[in-house]
Amino acid sequence: MVIDGLGDQADGLARSDGQRLAVPGALPGERHLVRFALDGNPTVIATSVARFGEVERAAPPCPHFSTCGGCVSQHLMPADETAWKLGRVRHALARRGLRPPVEWAHQSPLGSRRRIRLGVERRHGAPELGYRARRSNRVVDVDRCPIADPRLVALLAPLRVLLERLDWRPSEVELTEHAGFVDLLWIGSASPTLDDREQLATFADDQDLARLGWQTRSDVVAEPILVRRTPELSWPALSVVPPLGVFVQPTVAGERALQSLVSGALAGAGRVVDLYAGIGTLAAAALDAGAKVVAVERDGDAVAAMAGRHPRLEVLRRDLDRAPLGSAELEQFDAAVLDPPRRGAEAQVGALAGSRIERVVYVSCAPVTFARDAASLVEGGLDLRSVAVVDQFRYAAEIELVGVFVRQ
């Protein structure tokens, strides 16, 4: 069969008997002999048995690419990867009747990802540490990662040695680099024993870690085990000490690109509300543009990290999914910036659309939910002037973008 496109996971797409097939690793223009089972789903996953055709493809820089699920597009040439990501953004918008200018703004270099989460699994008596396999919970043991900061990759071998000695069995490990130092967060349902904690503390000293902690699952507050340093994130107009385990942008270069785009879009705004503010990454951009800022965030530790850090920054703790700012509350602001979770901000966007706010800058990592929310803003009288793509997730399916809306 002939591959005629690429899907959201960079799988080659083809049709057979009116049904859509996804062929991992296949490229448009190639012909493949495949093995599959039609099961009634809209898209069926097929395995390539043989490939025919002379389509140029890239040599994957990682030996784990064929099995690891962390990356999906290492086989694409750089220009094809860019076109694939831009095309997905344009397609999501077009399905909502939106066709703004979509431009490529930034791509973070290899070796720059400062936050990685790895699965832990014991197989045949030995611990395995790595990313999950595609469409599976199975851990693929990795000894390198071309997208990750080398300081994080250097910890993989020592972590395996530590896992051999621990009685505790965490399910995941998260490594985050802040200002030259690394935080290590263990995720597991059971609490580490006293002996485990002592071994973890020794490991932190040996590897010169900043902070060490654990949490039962990723959506609860992390418990510090050891704090050796308090790393600080510094931006032109704001600096914060990020709480252990808090979300930070995946790369420093990507973070700066987002801040630059947001700051430029907010030029001249006197009073700005930052919705889903996190630890203030985009509030810093609004402050840099000269605005007075109210940052709204539901996480108490993130709110505490921002409080009192700048005379033009006011911080408000509030769950915007349950209690979005209403139209009357929004009247005091010239502009709004928001960076919601992947599910989007449907309730808050409805209030923004019904307000008289003049500018909205929407940062998103999910084109489909962004397009849904963008359509609501446009229906409310805002014009989607531009969309800029910021690729912090090299070789991954994720896409980040910045949409700028101006009231007509």
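R229 is partly exposed, with a relative accessibility of 29%; by the cut-offs used here, buried means under 20% relative accessible area, exposed over 50%, and partly exposed in between (1.4 Å probe, protein chains only). The model is predicted, so local features need pLDDT of at least 70 and side-chain atom pairs count only at pLDDT 80 or more, while totals for chains, interfaces and linings use all residues. Residues are numbered from 1 along each chain as its sequence is written, and side-chain values use heavy atoms, with hydrogens and water left out.

The side chain of R229 meets that of D208 in a salt bridge, at 2.6 Å from N to O. This pair links distant parts of the chain, 21 residues apart: D208 is in the loop between α4 and β13, and R229 is in the loop between β14 and β15. Helices (H or I, at least four residues) and strands (E, at least two) are DSSP runs, numbered from the N terminus. A salt bridge is a side-chain nitrogen of Lys or Arg within 4 Å of a carboxyl oxygen of Asp or Glu.

D208 also meets the side chain of R228 in a salt bridge, with an N to O distance of 3.0 Å. Here too distant parts are linked, 20 residues apart: R228 lies in the loop between β14 (223–227) and β15 (233–235), and D208 in the loop between α4 (194–206) and β13 (211–215). R228 has a relative accessible area of 31% and is partly exposed. D208, at 34%, is partly exposed as well. D205 joins these residues: D205, D208, R228 and R229 are linked in a network of salt bridges.

The backbone of D208 deserves a separate note. Although D208 is not a glycine, its phi is positive, about 55°. Y276 is another residue other than glycine with a positive phi, near 60°. Y276 sits in the loop between β17 (271–275) and α6 (281–288). Is Y276 buried or exposed? At 14% relative accessibility, Y276 counts as buried.

The structure as a whole holds 31 salt bridges. One of them pairs the side chains of D4 and R20, at 3.2 Å from N to O. D4 lies in the segment before β1 (5–6) and R20 in strand β3 (residues 19–23), so this pair ties together parts that are 16 residues apart in sequence. D4 has a relative accessibility of 48% and counts as partly exposed. Side chains of opposite charge can pair when their charged atoms come close.
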